[in-house]
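Here is a quick briefing to read alongside the model. Keep the 3D view open and look up each residue as you go.

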Amino acid sequence: MNRTPEQQWSALSALYEEADTLPASALAKWLAELEAQGNPLLPQLKRMLEARAQLETDDFLGTLPKLAAEADEQASGWAEGSRVGPYRLVRPLGEGGMAEVWLAERADGAFKRQVAIKLPYPRPGRESFALRFDRERDILATLRHPHIAGLYDAGVTKEGQAWLALEYVEGQAISTYCDERRLSVRERVQLFRQVLLAVQHAHANLVIHRDLKPANILVTPQGEVRLLDFGIAKLLEAQGDAIAETELTRQAGRSMTPRYASPEQLTGLPLTTACDVYSLGVVFYELMCGERPYELKVESAAQLEHAILETEPRAPSRRSLSLAAAEARSTTLKTLARILSPELDAIALRCLGKTPAKRYSSVDVLLADVDRWLTGEPVLARAPGAWYRLRKFAMRHRLAVGFGVTAVVSLAVTAAVAVVLGLQAQEESARAGAARDFMLGLFKQADQEKARGADITARELLEAGRQDVLTRLADQPRLQAELLQGIGSIQKDMGEYVGADSTFADAARLYEQLGMSREASLALTARVDAAIRMGNMKVARAVLQQVKSLPGRPGADAELNAYMAEVEGWIAYAYRETTRARDLFKRSHEQALKAFGPHHVKTLDTLRGRIYAERELRNFDGALRLLEELEAIVATAGAFGASGNAGLARDRADLMLSAGRFAESLDHILTVLPKCITELGPNHAECRALMFRKASAMLRLGMTKHASRELPSLEAIADDGESPALGADTLLLILQIDSSAGSVNRRIASFERVKALVESDAFATFGAVFRTRALLALAEARLRASDPIGAERWILSARALLPREDGSVPVMRVAALAKTLQGVSLLQRGFAREAQHSVVAAHGSLSRLFGADDPVTCLYSLNVATALEASGRNVEALAVVRHAEPVLRRSMGIEAPTYLRAQALLRRLERRDDTTDRLRTIDFFT
């Protein structure tokens, strides 16, 4: 085969790179095989290896051997201390098919930074390589991702040498990193997921890499992937069309590494993102079993090309796995094969389809399947069936099949193989078919209901599916458990927590019966999660203890440990053990980093827990830093969907409300809520949570008429029994709104609903803080109706139930509210001195808890001013209001009705003195 000099150079470079990875003993054998094949590049390769050996023994600075067509070319001449633009070369880092890479440091004094300088070799076709460098510079400038090595600078020296200054990554090739650290299969998949995120980002920016291989995928000591070398990447058309070969490619040759190249790269067909999917499949295959997909009798270019184009690779689990490969994955041979089959086998083989149509349609779809495996869900890919393998076998052995006796023997062997494969796939196939039938049944039921004129809701459809699983699939317990786990996850995401609780309980029971302790633990932990979201902490604690005592539960499973620590953190948070909750969330975050990496949605959820704990500990600056870190990760990696983004928006609203930035919080909610409703619908749990906070902020700001307009949405939330905690909180909010701005009938109806809740058997299942708040809501409603005697009953009940003031924010706040309402009740009955004592005590508690300049403290101080005014102590009252006014102005804005009420109190006090008539009407602030 006649090759251009550039093609010779690329082939030689690939050989050298492979030789560079071999130990001395294996290298000699490999070179002997090349000699037996008559490889024409062997003499040049040996000279390169001799030069490398000489470099290792002395200071001789060798040059690359020259190809025949390059006799007149000179070596690059770069050496330590050479200047390239504003950088000084420090030491060589490596070399590839078209460039050498040096470690360099900034030398112009502007700032200190180490970079990797990439420099092309001087050889024929240099003009085309300069064009490639221009293109790489342009491509990298568009890519900004935490897992892609970034471009810092680029230019041309005065001698005309093009150069790129790239992020210097101190790391190892991904395969080496995994083997040296004996990473498990799960840890390798988690690391591979970071690679997928980087390639996903590149494809989203219309860039394909075309040379994905372990050497271009480095891992830092911190376990962070960095994708290198977009030097041969090509921009896609805006529509994502395939790329035809360009004049540049024809002149310079197709730069690639054959062992990781796709069939269309070898055949010169137009390229799409599917070529990267194939290369990712080769890398994934190698990470899983330690072998490349191609089983070559002779290591030659022709054999390799034939294998890539014609031979169907065996599944990783069916290779002759070595003991060393199993040990490098911290497991045994038998266990390794079991872990790989069938899901990881299916993922690898789906990537390695001979044509793009047989591969994953995009990296997004591949990433989704990887995530399904990591979370224990069935993957969508399936390994090729026995009949497919039989047909391919017959096609490869047409001559043998054409002869009588030989054909019979061949078919017999093939049939035996098919039987073995069929037995291994039988359970998987049956489960897949039953799952398909189950889904079709659900849709059929929905169509039947629609035909009868009924609209079936998603909740009803899921509940019908759950019942169907429990009855129709009783003879397939594993499939039952898997489907129930999936249904429960959807129910939880939709806010159907009561249904999710039952579904997860059934899934856990089935998994326990099957002896699948890990899956049972995850299902039970998900049930703890659902119970927490319902506000039923007693059930949550009991089920968590059940998880901890489950026989066979894996103790070193990072994913399970992360989830358990997270839910335990939320339980501690609910019981006001905030410092412990913060520590649990931190532990959960550390485990999630090991299990999923920094950008997975489950890792980010644990970071949210840390934000909640810091907020509860009044460390608003720390909480805001964590929130901004989380928002930046989500914006970069796109880790959250619409639901996660809505939850993140809710977190910011909560943080601003807790910090007393009431007007800012409302503005934020008004901005994000319409998007939430558009993307998720008004009944989604996150949208409802934002609606609740919107009305709460309006009420705090005194915008009672605006809050009244939210009552239809709030009524829907209160009437929905799927989230009892939010529903009960909403009942109290409705009562507060109606007490301030509702009609007489609405006031009475809202009061009776909360009273019925307080007197119900279910009331005892709520925490003491909520029960106290409910009783005080009834008392406040009576006070706003000027009925202090009626309020007194509820205040006394609340104070009897009041938790001991333990310094936690919720307990201290509810205690301050109780004292304040007690003072208002005394004021309305004419006991000004006693009232003053009570409201001053409430204000003092908040001052010690939040500080004297906190907006909530200042708001409650207005009750002190009112009590002082009622006692004729206007000068003291005026001083209190003057201290609070600027704080409330910043917190609420000058148009908020609550702030305007404070202004009215200030003006009234400024017009009066201690001899003026006593206050006739009682205004109070909560």
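A charge counts as sitting over a ring if NZ of Lys or CZ of Arg is within 6 Å of the ring centre and within 35 degrees of the ring normal. With that rule, the charged end of Arg615 sits over the ring of Tyr612, 4.8 Å from its centre. Keep in mind that this is a predicted model, where local features need pLDDT of at least 70 and side-chain atom pairs count only at pLDDT 80 or more, while totals for chains, interfaces and linings use all residues. Residues are numbered from 1 along each chain as its sequence is written, and side-chain values use heavy atoms, with hydrogens and water left out.

**Rings and charges**

- Arg106 lies over the face of Tyr87, at 5.3 Å from the ring centre.
- How many aromatic pairs does a search of the whole structure find? It finds eight, where rings of Phe, Tyr and Trp (its six-membered ring) pair if their centres lie within 6.5 Å, and planes under 30 degrees apart count as stacked, over 60 as edge-to-face and the rest as tilted.
- Trp570 and Phe585 make an edge-to-face pair, with 4.7 Å centre to centre and 65 degrees between the planes.
- This pair links distant parts of the chain, with Trp570 in helix α23 (residues 558-574) and Phe585 in helix α24 (residues 578-596), 15 residues apart. Helices (H or I, at least four residues) and strands (E, at least two) are DSSP runs, numbered from the N terminus.
- Trp570 is buried at 17% relative accessible area, and Phe585 is buried at 0%. Buried means under 20% relative accessible area, exposed over 50%, and partly exposed in between (1.4 Å probe, protein chains only).
- The ring centres of Trp570 and Tyr612 are 5.0 Å apart and their planes stand at 90 degrees, so this pair is edge-to-face.
- Tyr612 lies in helix α25 (residues 601-616) and Trp570 in helix α23, so the pair ties together parts 42 residues apart in sequence.
- Put together, ring pairs link Trp570, Tyr573, Phe585 and Tyr612 into a cluster.

**Cysteines**

- The count comes to one disulfide, meaning a pair of cysteine sulfur atoms within 2.5 Å.
- That disulfide joins Cys676 to Cys687, with S to S at 2.1 Å.
- Cys676 sits in helix α28 (residues 662-680) and Cys687 in helix α29 (residues 685-700), so the bond ties together parts 11 residues apart in sequence.
- The torsion about the S-S bond of Cys676 and Cys687 is about -100 degrees, so the disulfide is left-handed.
- Cys676 is buried at 4% relative accessible area, and Cys687 is buried at 0%.

**Strands**

- Strands of a sheet pair through backbone hydrogen bonds, either parallel or antiparallel.
- An open sheet of three strands runs in the order β7-β9-β10, with antiparallel pairing; two strands pair if DSSP finds at least two bridges between them.
- β7 (172-173) and β10 (225-227) are at the edges with a single partner strand each, so one side of each has no neighbour in the sheet.
- β9 (residues 217-219) and β10 pair in the antiparallel sense over three bridges, and Val219 stands opposite Val225 in β10.
- Elsewhere, β5 (residues 151-156) and β6 (residues 162-167) pair in the antiparallel sense over five bridges, and the bridge partner of Val156 in β6 is Ala162.
- The hairpin of β5 and β6 has five residues between the strands, and Gly160 takes a positive phi near 90 degrees there.
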